[in-house]
Amino acid sequence: MTTFYHSTRSDSETVTSKQAILAGIAPDGGLYVSDDAVRNKLDLRAVCQEGYHQIARRVLGTLLPDFTEQEVASCVEAAYADNFDTPAVTPLSPLGTDWLLELYHGPTCAFKDVALQMLPRLMSVARKGEGRNVMIVTATSGDTGKAALAGFAGVPGTGVTVFYPDGKVSDVQHLQMVTQTGDNVAVCGIKGTFDDAQTQVKRIFADRDLAGRLAAQNVMLSSANSINVGRLVPQVTYYFSAYAQLVRTGAIVIGDEVDFCVPTGNFGDVLAGYYAKLLGLPVGKLVVASNSNKVLTDFLTTGTYDRRRDFVKTISPSMDILVSSNLERMLYYLTDGDCEAVATYMADLAQKGCYTISKDLLAKLRQTFDCGFATDDETRQTIRDTWEKDHVLIDTHTAVARHVLGRFAPEGRRRVCLSTASPYKFSADVLAALGTDVSGLDGFACMDRLQALTGVAAPAQLSGLRDAPVLHADVCDMDGMTAFVEGSCNRIFA
Ligand SMILES: N[C@@H](CCOP(=O)(O)O)C(=O)O
């Protein structure tokens with residue numbers, strides 16, 4: 001049976017999951033969702049006996065059912081081969097009375113690798129028979145950009161253009177992107193925030209004139225952000241894998257509910273947890289952890305989503321986001337598929353900067369979601385406490401989650417904190433949190449000191465950046481982004 005996807009804002013036009021992945025975003029600006037795929041339940045008993053590859057095959061086979069079993073299997077084998085430094089892909093380790101889900105074992109040391117080692121493979125399968133080249137246009141607040149570049153570099157028939165907010169990502173994140181090699185890659189800083197970049201990228205997808213000009217060159221656009229369903233679905237796997245690992249360690253028995261605390265800005269990672277719950281994973285609470293850009297905490301507390309506030313530059317830059325794109329998908333499920341309501345919320349957000357859901361909907365949302373935020377000082381304190389008490393070195397985003405989780409009583413359930421990046425991506429802030437004066441130290445000096453202080457090895461792909469030449473120096477303002485994309489298409493697909 002073919003399962004169809006449609007826009008969150010209208011269900012009048014349906015596409016297959018392959019078409020949804022190729023398009024990235026629906027033509028009306030909505031995000032692709034499926035009604036029937038998420039009604040399936042995975043066989044939890046079987047999952048709990050399986051390794052990562054097998055679980056990934058189940059999840060992808062269920063949510064992307066127009067991919068054949070063979071297509072899914074070959075994508076999984078290639079995506080999770082020796083490019084992750086552990087066969088577990090996303091291992092689970094104890095942290096005090098809770099658990100840490102280590103999502104940073106891929107080539108760019110962030111959780112984005114789990115999906116962005118997969119998406120290029122899914123895209124290549126979806127492209128068969130398509131004929132056109134695909135330019136992947138991506139906005140990043142720090143981690144997605146490098147993971148997209150690493151995933152798509154050298155993939156035939158594709159190019160990748162990444163926009164990052166200049167001066168608002170960590171030194172290591174910046175270097176990871178601007179040193180990227182490959183003939184099909186383009187990287188550009190923008191004068192603005194991640195939200196500016198994401199908004200303009202969405203406008204680029206909606207630009208019919210541009211689409212026409214690119215079509216004449218045999219090029220179409222797609223996305224590597226979590227607005228693309230092909231980015232979201234692979235992330236569902238690690239929730240099931242975490243659960244299976246808890247069962248195997250004897251921490252839970254099959255059927256016990258588990259809470260997950262997720263540091264998130266764009267709401268994609270935590271939405272993947274919600275998908276896991278829909279597919280039958282016994283999830284207690286999904287705790288949404290924010291930094292001082294606490295637009296999600298406020299929404300989940302009051303029912304009003306209000307982006308009209310000052311942007312705060314924090315030490316957890318990947319979460320410096322005020323417009324959480326994937327919340328749109330959650331609104332769709334929350335309203336039992338009321339596309340008109342979702343379209344109205346999104347129109348209000350675009351035009352007025354805010355929208356409010358009813359008390360009943362908020363209460364329904366709170367049955368699954370809890371929330372909280374951490375200031376930079378609280379984040380630093382958590383990094384320090386976690387190192388001193390548990391001897392575990394965590395990055396600034398993981399620390400936000402751990403701080404938030406620490407505010408809740410366990411309620412008898414096991415709790416998993418998602419650890420989304422290597423601490424070495426944020427060496428200066430992590431080192432400072434441990435009490436070292438970092439003034440006058442560059443990023444690599446901080447990396448060396450952090451390694452000497454803790455004995456935790458820096459990943460070679462990060463320490464090796466010190467010798468890598470800078471290959472991308474472009475910076476533009478929002479108005480220059482369309483021309484940059486077009487120029488990249490001309491260069492890459494000439
Ligand atoms: N936190 C992200 C921002 C983009 O979000 P995504 O969910 O679309 O990947 C980043 O680090 O770039």
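Visitor: How do you know that the span of helix 22 (residues 481-492) agrees with its number of residues?

Guide: The expected span of a helix is 1.5 Å times one less than its number of residues, so the 12 residues of helix 22 should span 16 Å. The end C-alpha atoms of this helix are 16 Å apart, which agrees. Helices (H or I, at least four residues) and strands (E, at least two) are DSSP runs numbered from the N terminus. The model is predicted: local features need pLDDT of at least 70, side-chain atom pairs count only at pLDDT 80 or more, and totals for chains, interfaces and linings use all residues. Residues are numbered from 1 along each chain as its sequence is written.

Visitor: Which residues of helix 22 are buried, and what makes them line one face?

Guide: The buried residues of helix 22 are Met481, Phe484, Val485, Ser488 and Cys489. Seen down the helix axis, they fall within an arc of 135 degrees, so they line one face of helix 22; the arc is that of the directions from the axis to the C-beta atoms. On the face turned away from the buried side, helix 22 carries the exposed residues Ala483 and Arg491. A residue is buried if 20 or more other C-beta atoms lie within 10 Å of its own, exposed if 12 or fewer, and partly exposed in between, with C-beta atoms placed from the backbone.

Visitor: What makes strand 9 and strand 16 the edges of the sheet of 5 strands?

Guide: This open sheet has the order 9-6-7-8-16, with parallel pairing. Strand 9 (219-222) and strand 16 (475-476) each have a single partner strand, so one side of each is left without a neighbour in the sheet. Two strands pair if DSSP finds at least two bridges between them, and strand 6 (residues 133-139) is joined to strand 9 by 4 bridges. Leu221 in strand 9 is the bridge partner of Met135. Helix 22 packs on this sheet, touching strand 6, strand 7 (158-165), strand 8 (185-190), strand 9 and strand 16. The direction of helix 22 makes about 150 degrees with that of strand 7; axes are lines fitted to C-alpha atoms, for helices over the stretch in contact, and angles run from 0 to 180 degrees between N-to-C directions.

Visitor: Which strands stand at the edges of the sheet of 3 strands?

Guide: The order in this open sheet is 2-1-3, with antiparallel pairing. Its edge strands are strand 2 (10-15) and strand 3 (32-34), each of which pairs on one side only. The twist averages 45 degrees from one strand to the next. Strand 1 (residues 5-7) and strand 2 share 3 bridges in the antiparallel sense, with His6 opposite Thr14.

Visitor: Why is Lys112 called buried?

Guide: Lys112 has 33 other C-beta atoms within 10 Å and is therefore buried. The residue belongs to helix 5 (residues 112-116). Neighbours within four places in sequence aside, Lys112 is in contact (C-beta atoms, placed from the backbone, within 7 Å) with Asp143, Thr144 and Ala147. An unreviewed UniProt entry places "modified residue: N6-(pyridoxal phosphate)lysine" at Lys112; UniProt positions follow the numbering used here, feature names are shortened, and annotations may be inferred rather than shown by experiment.

Visitor: Why is Tyr52 called buried?

Guide: Tyr52, in helix 3 (residues 52-63), has 23 other C-beta atoms within 10 Å and is therefore buried. Its contacts beyond four places in sequence are Tyr80, Ala88, Val89, Thr90 and Ser241. The C-alpha atoms of Tyr52 and Thr237 are separated by 7.7 Å, although the two are 185 residues apart along the chain.

How values were computed:
Two residues are in contact if their C-beta atoms, placed from the backbone, lie within 7 Å.
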